[in-house]
Amino acid sequence: MLIAFATLLCGLIASTASAAPAPPKPASKLVTFGVGPANVKGQPDGRSALNYDVDPGSRLVDHIVVHNYSTTKLTLLVYATDATSGQNGTIGFAPRATPGTDASRWISFVNGAATLALTLDPHASIGLPLNIAVPTKA
């Protein structure tokens, strides 16, 4: 059984409750981050996605790296979420508050948490191990 995990998504902890959209920030104030596959040392390993050829009931550990490309400290929530069909055929992601129904339910962090809060200094990165437990009836 081939399982493709393109379900890891980071969400910003801070949000605004404003009715009107905020004006665009100057380019120097933008915060950007990335998430990708990593080796056991937490370094990008050249894979473009987390893809596995596994059988039902399988368990494995893999790694991701989260990088803050911004010039300011950045606080993120890191969690797995299900991919959805977005507008105009693009890939979207289910909101964190929406319970997963697919592979996102199979992913946890090594400590068993479904969500991790991270604070990264400017240009810093961190490697995170993931537990993946495929149900026996998958």
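Me: How many bridges join E9 to E11, and do they run parallel or antiparallel?

Reply: Strands of a sheet pair through backbone hydrogen bonds, either parallel or antiparallel. Here, three bridges join E9 to E11, which run antiparallel. Strands are DSSP runs of at least two residues, numbered from the N terminus, and two of them pair if DSSP finds at least two bridges between them. Ile107 stands opposite Ile132 in E11. By the way, this is a predicted model: local features need pLDDT of at least 70, side-chain atom pairs count only at pLDDT 80 or more, and totals for chains, interfaces and linings use all residues. Residues are numbered from 1 along each chain as its sequence is written, and side-chain values use heavy atoms, with hydrogens and water left out.

Me: Which strands form the open sheet, and in what order?

Reply: The order is E3-E5-E11-E9, with antiparallel pairing. Strand E3 (33-38) and E9 have a single partner strand each, so one side of each lacks a neighbour in the sheet.

Me: Where does Ser104 lie, and is Ser104 buried or exposed?

Reply: Look in the loop between strand E8 (91-93) and strand E9 (107-109). Ser104 has a relative accessible area of 9%, so it counts as buried (under 20% relative accessible area, with a 1.4 Å probe and protein chains only; exposed is over 50%, partly exposed in between).

Me: What does Ser104 touch, leaving out residues up to four places away in sequence?

Reply: Contact means heavy atoms within 4.5 Å. Ser104 touches Ala80, Thr81 and Asp82 on that count. The C-alpha atoms of Ser104 and Thr81 are separated by 5.0 Å, although the two are 23 residues apart along the chain.

Definitions and conventions: Helices (H or I, at least four residues) and strands (E, at least two) are DSSP runs, numbered from the N terminus.
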